[in-house]
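My entries follow in the order of the look-ups.

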Amino acid sequence: MELFVPRKVLMEEAALQYPLGMELEARFAREQIEVEIIASHNRIKPSKLKTDQQKYQEAKETLVIGVRKGLEFQSCKPSAHYQLPLATSCPGMCEYCYLQTTLGKRPFVRIYVNQEEILNQAKNYMEKRKPEITIFEGAATSDPLAVEPYSRGLAKAIEFFSQEELGLFRFVTKFTTVESLLKLKHNGRTRFRYSLNTNTIIKGFEHHTPSLRQRLDALTKVQQSGYPVGIVVAPIIMYPGWEEEYTGLIHSIKQSLPLGASNVTFELISHRYTTKAKNNIQALFPNTKLPMAEADRQVKYGQFGYMKYVYQKEAMDLMKQLLTKEIKENLPESKIEYFI
Ligand code: SF4
């Protein structure tokens with residue numbers, strides 16, 4: 001997967017007060033990428049383009065560089081205590097993206113230059129919960145590795161948490177530009193997770209993201225560099241042949257973990273959607289083949305009060321049984337953290 005190169009950059013004026021903002025402005029000038037200075041990264045002017053699809057494409061090709069002002073962290077169940085807001089959105093175009101609910105039709109790719117303030121805030125949260133350990137999730141609002149070549153936010157966070165006895169960091173990615181992170185001092189306090197799925201789901205729905213093979217190769221490198229690793233299988237979708245393909249996926253994962261599976265975690269997430277997401281998905285991907293028939297679903301309420309459509313109980317049970325069985329048989333030392 002190649003480096004994400006934005007078509008255009010929107011730079012919040014205040015970001016130029018920070019070293020990273022200045023450095024990026026100079027970099028994009030050298031690379032002849034248009035940089036427009038804007039007053040606030042939260043107020044982007046309306047697009048001149050006509051269709052929702054064009055506006056979506058435009059947003060995904062635009063890098064917005066801003067100063068994150070709201071420094072209150074959201075909770076992040078079930079994977080962590082808090083979200084660590086390093087970035088928002090990503091250049092990938094997964095049809096089912098969980099951000100379809102929160103970011104709407106123009107999910108601009110955003111990075112923040114005030115990373116030190118964000119990490120200091122994490123320190124405050126750890127302080128409040130001490131002596132308990134506080135876990136932070138770095139991918140709750142984005143795929144942070146996709147923008148790492150510009151933000152270096154993951155590197156900062158990994159090094160920060162390597163020194164924090166009261167905090168642990170984790171993030172999940174589909175992207176594979178891992179080289180800059182492999183040699184960092186992490187002290188085992190960052191769990192580096194890969195979002196994996198079957199080839200059918202990746203090819204059908206995860207546009208502009210690396211292939212399964214590329215992700216598995218990156219997973220191998222990450223494990224060999226000493227990080228605790230994890231696998232997020234999400235979203236689990238039922239389609240003709242799903243059992244064989246998910247079984248094959250677990251076998252491929254096994255072969256990509258040269259150091260074995262002790263201290264490897266699994267998170268298993270069945271497909272779910274909100275009404276807002278469904279409407280956005282149908283507007284942005286009019287030919288989508290994502291299964292979203294309410295008749296096949298049951299209603300659940302999420303942590304922020306959203307009504308979600310999840311698979312019916314019988315289907316959920318089948319998914320859980322299959323994946324749990326395959327993981328336990330093939331990677332018995334690994335730990336399944338949850339299935340939802
Ligand atoms: Fe959304 Fe993650 Fe896909 Fe990016 S990689 S579009 S954040 S699901």
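I take buried as under 20% relative accessible area, exposed as over 50%, and partly exposed as in between, with a 1.4 Å probe and protein chains only. This is a predicted model, in which local features need pLDDT of at least 70 and side-chain atom pairs count only at pLDDT 80 or more, while totals for chains, interfaces and linings use all residues. Residues are numbered from 1 along each chain as its sequence is written, and side-chain values use heavy atoms, with hydrogens and water left out.

Entry on aromatic rings. I count rings of Phe, Tyr and Trp (its six-membered ring) as a pair if their centres lie within 6.5 Å; planes under 30 degrees apart are stacked, over 60 edge-to-face, and the rest tilted. My search of the whole structure gave 16 aromatic pairs. One of them is Tyr56 with Phe285, edge-to-face at 5.6 Å centre to centre and 80 degrees between the planes. Tyr56 is in helix α2 (residues 52–60) and Phe285 in the loop between α11 (275–284) and β15 (297–301), so this pair ties together parts 229 residues apart in sequence. Helices (H or I, at least four residues) and strands (E, at least two) are DSSP runs, numbered from the N terminus. Both Tyr56 and Phe285 are buried. I then checked Phe161 and Phe169: the ring centres are 5.3 Å apart and the planes at 10 degrees, so the pair is stacked. Phe161 and Phe169 are buried too. Ring pairs join both into a cluster whose members include Phe73, Tyr82, Tyr125 and Tyr227.

Entry on charges over rings. My criterion is NZ of Lys or CZ of Arg within 6 Å of the ring centre and within 35 degrees of the ring normal. Arg68 lies over the face of Tyr112, 5.3 Å from the ring centre. Arg297 lies over the face of Tyr311, at 3.9 Å.

Entry on the ligand. Which residues surround the ligand? With a heavy atom within 4 Å as the cut-off, I list Lys60, Cys90, Gly92, Cys94, Cys97, Tyr98, Leu99, Asp143 and Lys174. The shell divides into five nonpolar, one polar and three charged residues. Here Ala, Val, Leu, Ile, Met, Phe, Trp, Tyr, Cys and Pro count as nonpolar, Asp, Glu, Lys and Arg as charged, and the others, Gly among them, as polar.

Entry on cores. A nonpolar core is a set of buried Ala, Val, Leu, Ile, Met, Phe, Trp, Tyr and Cys residues joined through side-chain atoms within 4.5 Å. The largest has 86 residues, and Leu84 and Tyr246 touch the most other members. Apart from it lies another core of 18 residues, among them Val9, Leu24, Val113 and Val147. Val147 sits in the loop between β8 (134–137) and α5 (148–151). Val147 is buried at 1% relative accessible area. Leaving out residues up to four places away in sequence, Val147 touches Phe4, Leu63, Ala87, Val109 and Ile111, where contact means heavy atoms within 4.5 Å.

Entry on the backbone. Most residues other than glycine have a negative phi, and most peptide bonds are trans. I noted a cis bond between Lys130 and Pro131, with omega about 10 degrees. Another cis bond joins Ala234 and Pro235, with omega about -15 degrees; Pro235 is in strand β12 (residues 229–236). Arg152, not a glycine, has a positive phi of about 50 degrees. Arg152 is partly exposed at 37% relative accessibility. His208, also not a glycine, has a positive phi of about 60 degrees.
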